[in-house]
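Subject: Handing over a structure

Hi,

Here is the structure I promised to pass on to you. Please open it first, and then read on for what was found in it.

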Amino acid sequence: MQSPLPVRDGVNATRLRLPEEGPWETAMDYMMHRWGHIDPQGIEDRFDAGEIVGEGGIPLDRATPLQEHTFIWYYRTLPPETRLPVELSILHQDHHLLVVDKPHFLPTTPGGTYIQESALVRLRNQLDLPDLIPMHRLDRMTAGVLLFSTNPQTRGKYQVLFEKRQVQKEYECVSAAEPTPGRPAVDFPVVVRNRMTKSRSYLLAEVVDGEPNAETRIERLETFDVGAPASADGTGVTGTGAIGTAQRLARYRLEPHTGKTHQLRVHMASLGLGIVNDAFYPELLDKAPDDYARPLQLLARGIRFVDPISGKPVEYRSSLELSEAVRARP
């Protein structure tokens, strides 16, 4: 449903569905029930100023009956945010698409404590593109190629490509060169297939019994030795949990044939090859402040498809490099 309010400061207005019935006589009564314990005066002020609207952009007031509107829209009051010390770079821009290199630590879309500090809102404000919409998503901790639609009139043509899995994605990661002790050796290239699930109430994705719904082809590209960097507390514990002066690591190419949440991280961990600096898999570590010197070693390297507008094959490649692979080079 199209919002009657425009994007403001790069952020969409919030939509709220009102109940059809209940003990609330007015829309304001319902909003007070939901959020009155946080800012009751702010809610009253918004109704008085006509800043809460219904279908067609009609302003609501304190007396607007609950049943008069099904949906209402308003702008949230956003808390101040500290700018993340990472930057986006533009790889391609035309009348239909914007392709960027998303850095580690920057979320794709607003959520939680990150609103202005998301790739979407930064780019909307930077490029004055209020209609910008991501065509897919990368985890906050994953860097690399990210596509946005700049044109609502052609957006559906690109969305169909993703829905029909006609987009080929390529990732790279750095993990241990050999599986953790006790795990069987892996004969590369290997295809990992299993059934994954993730509930909204649980942080991690899980592998469960049943028909496979997740598939990734994994190829080892190179192996190398790196010195084990000291962590912030000086213990010398690396992202994979090992302690020592050097590690045997490898760079891998990952080709997902499905797109489940955390699929690549789970599939690498299932082989005993958890990705370097992964705080979720194979073990969930205690939450800690972001360490910008130790990003998750996972990169969306490239994406390719037949462009539905030109009819020609296109490919976009990241210009970023995984820091552990760079550190190993002479």
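Which residue just after α5 takes a positive phi? That residue is Gly 272, with a phi of about 80 degrees.

Before the rest, a word on how to read this. This is a predicted model, in which local features need pLDDT of at least 70 and side-chain atom pairs count only at pLDDT 80 or more, while totals for chains, interfaces and linings use all residues. Residues are numbered from 1 along each chain as its sequence is written, and side-chain values use heavy atoms, with hydrogens and water left out.

The overall picture

The protein chain has six helices and 13 strands (DSSP runs numbered from the N terminus, with H or I of at least four residues for helices and E of at least two for strands). Its C-alpha trace spans about 70 × 50 × 40 Å along the principal axes. Of the 330 residues, 45% are buried (under 20% relative accessible area, with exposed over 50% and partly exposed in between, using a 1.4 Å probe and protein chains only). Among contacts (heavy atoms within 4.5 Å) with a separation of 6 or more, 64% are between residues 24 or more positions apart.

Helix α5

Back to the helix in my opening question. Seven of the eight residues of α5 (residues 263–270) are buried, so this helix is largely enclosed by the rest of the structure. The buried ones are Gln 263, Leu 264, Arg 265, Val 266, His 267, Met 268 and Ala 269. They pack against six strands that you can pick out on screen: β7 (168–176), β8 (190–197), β9 (206–208), β10 (214–227), β11 (246–256) and β12 (298–306).

Helices α1 and α2

The axes of α1 (residues 27–35) and α2 (residues 40–48) come within 10 Å and cross at roughly 155 degrees; axes are lines fitted to C-alpha atoms over the stretch in contact, and angles run from 0 to 180 degrees between N-to-C directions. The two helices are therefore roughly antiparallel to each other (angles over 145 degrees; under 35 is roughly parallel, 65 to 115 roughly perpendicular and the rest oblique). From α1, Ala 27, Met 28, Met 31, Met 32 and Trp 35 meet Pro 40, Ile 43, Glu 44 and Phe 47 of α2.

Aromatic pairs

A search of the whole structure finds eight aromatic pairs. Rings of Phe, Tyr and Trp (its six-membered ring) pair if their centres lie within 6.5 Å, and planes under 30 degrees apart count as stacked, over 60 as edge-to-face and the rest as tilted. One of the pairs is Phe 71 with Trp 73, which is tilted, at 6.4 Å centre to centre and 45 degrees between the planes. Phe 71 is buried at 11% relative accessible area, and Trp 73 is buried at 2%. In another pair, Phe 280 and Tyr 281 have ring centres 6.2 Å apart and planes at 70 degrees, so this pair is edge-to-face. Here Phe 280 is partly exposed at 21%, whereas Tyr 281 is buried at 7%. Ring pairs also link Tyr 158, Phe 305 and Tyr 316 into a cluster.

Ser 318

Finally, have a look at Ser 318, in the loop between β13 (313–317) and α6 (323–328). Ser 318 is buried, with a relative accessible area of 8%. Leaving aside neighbours within four places in sequence, its contacts include Leu 91, Asp 101, Gly 144 and Arg 301.

Enjoy exploring!

Best wishes
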